[in-house]
Amino acid sequence: MKIVPIRAFSDNYIWTIHATNNKRVAVVDPGDAAPVLDYLEAHQLELDAILITHYHNDHIGGVNRLKEKTACHVYGSKYDNLDFCDTLLTDGERINLFNQEYQFAVLHVPGHTLGHIAYYDSANELLFCGDTLFRAGCGRMFEGEPEQFYASLQRLAKLPANTRVYCTHEYTLSNLAFAEYIEPNNPDIKELKVQCQQLRDQDKVTLPSTIASELLTNPFLRCEKASVVERMRQLDNVNSEQAHSIFASMRRLKDNF
Ligand SMILES: [Zn+2]
């Protein structure tokens, strides 16, 4: 299995899923066509499919040009209803790539946007989650409600621990700074921060993560921990122990961090 990030803009990754024969690929959220076309040409690859998680321009900006230049099939959210999609997907639907080499279940995970979907392959233990879950963080809550976004994150948190998590942005270090602010005594956050700082110093990617790592280090998945509840009481006067209230307050703090 070969999954390669193509860099785009300042901090986006366009994940490229290779077929075993290494001749065909699919890409996730191509915000820009140029780096994808360069990659296809440099490695003599055909683009079979595009998977879209949500409608923001840094995720879809390259789709029309890639469609023009290749015969690729575009998948996206039924809730977003983008006109370039060949197949519109709803929760629970399945798609397969390269004659069943990859089989993705569609998870509707509203919160960052209302139509946001994620693609989960249980056999290959892969999750492409767009701007919903980031390494040690989560997306901004542009459209959803806290209960809804929290439920979406919980759904991802309950996937098998070994699942590799491919998110769209390199936000890890700034997320870890916030994670450390929420949990100053969490040794897993400290250790991950050192590892990721080393990677970034060498201009390397800090992804994918795993669900296991997120459960230990991502404060947005740790809203039920007593120490986090207590800390949020100190930081933001949260006087509810309900996880989605803790989440709402934490998300607000992060927006201004
Ligand atoms: Zn977005």
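Tutor: Start with a rule. Four donors count as tetrahedral if all angles lie between 85 and 135 degrees. Anything else is irregular. Keep in mind that this model is predicted.

Student: Which residues are the protein donors of the zinc ion?

Tutor: His54 (NE2), His56 (ND1), His112 (NE2) and Asp131 (OD). They lie 2.1 to 2.3 Å from the zinc ion, and the cut-off for a donor is 2.8 Å. Their spacing in sequence is H-x1-H-x55-H-x18-D.

Student: What makes the arrangement around the zinc ion irregular?

Tutor: The angles between the four donor atoms run from 91 to 167°. Tetrahedral needs all angles between 85 and 135 degrees, so the arrangement is called irregular.

Student: Why is histidine 112 called buried?

Tutor: Buried means under 20% relative accessible area. Histidine 112 has 3%, so it counts as buried. Aspartate 131, at 4%, counts as buried too.

Student: How do you know that β5 and β6 pair?

Tutor: Pairing takes at least two bridges. Strand β5 (residues 73-77) and β6 have three, in the parallel sense. Serine 77 has leucine 89 in β6 as its bridge partner.

Student: What makes β1 and β6 edge strands?

Tutor: The open sheet has six strands, ordered β1-β2-β3-β4-β5-β6, with mixed pairing. β1 (2-8) and β6 (87-89) each have a single partner strand, so one side of each has no neighbour in the sheet.

Definitions and conventions
Residues are numbered from 1 along each chain as its sequence is written. This is a predicted model: local features need pLDDT of at least 70, side-chain atom pairs count only at pLDDT 80 or more; totals for chains, interfaces and linings use all residues. Side-chain values use heavy atoms; hydrogens and water are left out. Donors are N, O and S atoms within 2.8 Å of the metal (3.2 Å for Na, K and Ca); water is not among the atoms, so sites may look incomplete. Four donors count as tetrahedral if all angles lie between 85 and 135 degrees; four count as square planar and six as octahedral if opposite donors are over 155 degrees apart and all others between 65 and 115; anything else is irregular. Buried means under 20% relative accessible area, exposed over 50%, partly exposed in between (1.4 Å probe, protein chains only). Helices (H or I, at least four residues) and strands (E, at least two) are DSSP runs, numbered from the N terminus.
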